[in-house]
Amino acid sequence: MDATPHTTLYADRRARVASQLGPGGIAIVPTALERPRNRDTDFIYRHDSYFYYLTGFTEPNAWLVITAEGETTLFCQPKDLEREIWDGIRLGPEAAPGHLGVSQAFAVGELDQHLPRLLENRQTVWYPFAIHAGLEGRVDGWLQKVRARVRYGALCPESQRDLCGILDELRLVKDAHEQATMRRAAQISAQAHIRAMRRSAAMLRAGQDVREYHLDAELLHSFREHGSQYPAYGSIVAAGANACVLHYRADAAPIRNGELVLIDAGCELDGYASDITRTFPANGRFTGPQRTLYDLVLASQDAAVAATKAGARFTDPHEATVAVLAQGLLDVGLLDANRVGTAQDVIANRSYFPFYMHRTGHWLGMDVHDCGSYVEPSELGTVSERRDPLSGETIKDRPSRILRPGMVLTIEPGLYVRPAEGVPEAFWNIGIRIEDDAIVTASGCELISRGVPVRADEIEALMRG
């Protein structure tokens, strides 16, 4: 079997890991387990992201071992014609070296036989901590077998280290192949959002009963129609007051004329996630209060986008968003200056929190909330303390991550207005979030999800079509 087009890509990643294991280091990376859904069926299988990053291999029941010298061993399911009739074709250990570029491969049933020998005379064993239930116990069992051979001169690794630190840093900056995949995933997701927007307006114009699940169905159809394997996460389709629930899931609530719909949905393509949120009027026409708040959220996103560039801090977009929202909440009357003071006071006292309670973004990649530290590694020792004005807790702050070209993050400000005393009734039950995916560049950022309109006028024009 011929090697895959990206064999060199994965081999280079494994080599970069090997170079960081230290003398005598060895790394163990399992893929994800299959998970039962009910009696005799499993959930749709999805590989472990770390494992896939290093192999490009999507079969379950597989393990990867990397030594500091660059030797790589794959354990995978053996060829089995009877099981392949039921479950699909397996690569098998015989074909794995040529197809995946690993040094050697064995049947996964031989894992316990080979691992003690591979660990023998090694100094440090690396594996992902707190990711795979039971992995630490398996490593302990293999090390016990190594210790049983000390009388024959075998040496047992003296330390165990978390492999996530190495892999997280590698995955944080996306290479050209990853960026291209993520652009395509964002394009597919943008098309799905457009389809759902148009369906909402068309059904209401026709006098039909519209439910959240109707729009969810449009998303799923569009994802698969354009080649995505599945959603990157459970799609949020929230009508009316449901949009004020941050992690609401698409259900059966009616979508009504005069209300907003918030859709937070993205597909996964070839192992990489997209993550887009759009808020739109169900019938295609914003009311005055809806447009007022929508334009405020969009202005805050514009400020965040302008703050997203190489050399900036990860927190800069959030701070830019909050600055715009703080003044805007005062301007529209959601906050009373006589009670909360100036915009600077609103920020210092977090008076905006009842209306905006989440951060403005997160890393995006193989996982929708992707791995990678949000603290600048070169400044870990710099710590300051502050008292949170809402909880009263003492919070330790470390310098935020410095953005570099190739990092990918979301930019997703929002406002969520629940009925409450002192809150103008015209704004009750309005929930708005606008989210785009951004690749950091040397001069700014590339918004890869703008295939779906974001300006209010553009949304209304789209939904008239």
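This note sets out points on aromatic pairs, pockets, backbone angles and packing in a predicted model.

1. Basis. The model is predicted, so local features need pLDDT of at least 70 and side-chain atom pairs count only at pLDDT 80 or more, while totals for chains, interfaces and linings use all residues. Residues are numbered from 1 along each chain as its sequence is written, and side-chain values use heavy atoms, with hydrogens and water left out.

2. Aromatic pairs. The whole structure holds 9 aromatic pairs. In the pair of Trp 63 and Trp 142, the ring centres are 5.7 Å apart and the planes stand at 75°, so this pair is edge-to-face. (Rings of Phe, Tyr and Trp, the last by its six-membered ring, pair if their centres lie within 6.5 Å; planes under 30 degrees apart are stacked, over 60 edge-to-face, and the rest tilted.) Trp 63 belongs to strand 4 (residues 63-67) and Trp 142 to helix 6 (residues 135-147), so the pair ties together parts 79 residues apart in sequence. Helices (H or I, at least four residues) and strands (E, at least two) are DSSP runs, numbered from the N terminus.

3. Burial of this pair. Trp 63 counts as buried at 10% relative accessibility, and Trp 142 is buried with a relative accessible area of 2%. (Buried is under 20% relative accessible area, exposed over 50%, partly exposed in between, with a 1.4 Å probe and protein chains only.)

4. Other ring contacts. Phe 314, Trp 363 and Tyr 374 are linked into a cluster by ring pairs. The charged end of Arg 13 sits over the ring of Tyr 53, at 4.1 Å from the ring centre. (This requires NZ of Lys or CZ of Arg within 6 Å of the ring centre and within 35 degrees of the ring normal.)

5. Largest pocket. Its volume is about 770 Å³. It is lined by 28 residues, and the closest to its centre are Thr 315, His 318, Arg 359, Arg 386 and Asp 397. Two or more lining residues come from each of helix 11 (316-332), helix 13 (343-349), strand 15 (384-387) and strand 16 (394-397). Helix 11 gives the most, with 4 residues. The lining divides into 14 nonpolar, 6 polar and 8 charged residues. (A pocket is an open set of points on a 1 Å grid over the protein atoms alone, where a 1.4 Å probe fits, with protein on both sides within 12 Å along at least five of seven lines; lining residues have an atom within 4 Å of a point. Grid points are joined across faces, edges and corners, and the volume is the space filled by probe spheres set on them. Ala, Val, Leu, Ile, Met, Phe, Trp, Tyr, Cys and Pro count as nonpolar, Asp, Glu, Lys and Arg as charged, and the others, Gly among them, as polar.)

6. Second largest pocket. This one has a volume of about 510 Å³. Of its 24 lining residues, Thr 31, Ala 32, Leu 33, Arg 35 and His 132 are the closest to the centre. Helix 2 (49-55) and helix 6 are the elements that give two or more residues to the lining. By type, the lining has 12 nonpolar, 6 polar and 6 charged residues.

7. Backbone angles to check. Most residues other than glycine have a negative phi. Arg 350 has a positive phi of about 55° and lies in the loop between helix 13 and strand 15. Asn 429 has a positive phi of about 65° and is found in the loop between strand 18 (414-417) and strand 19 (430-433). At 33% relative accessibility, Asn 429 is partly exposed.

8. Helix 7. In helix 7 (residues 164-172), 7 of the 9 residues are buried. They are Cys 164, Ile 166, Leu 167, Asp 168, Leu 170, Arg 171 and Leu 172. These buried residues pack against helix 1 (7-18), helix 2, strand 7 (124-127), strand 8 (159-162) and strand 17 (408-411). (Contact means heavy atoms within 4.5 Å.)

9. Tyr 52. This residue is in helix 2 and is buried, with a relative accessible area of 9%. Beyond four places in sequence, Tyr 52 touches Tyr 10, His 47, Phe 57, Thr 58, Asp 270, Gly 271 and Met 366.

10. Leu 260. Strand 11 (residues 260-265) contains Leu 260, which is buried at a relative accessible area of 5%. Not counting residues up to four places away in sequence, its contacts include Ala 238, Phe 280, Phe 286 and Ile 430.
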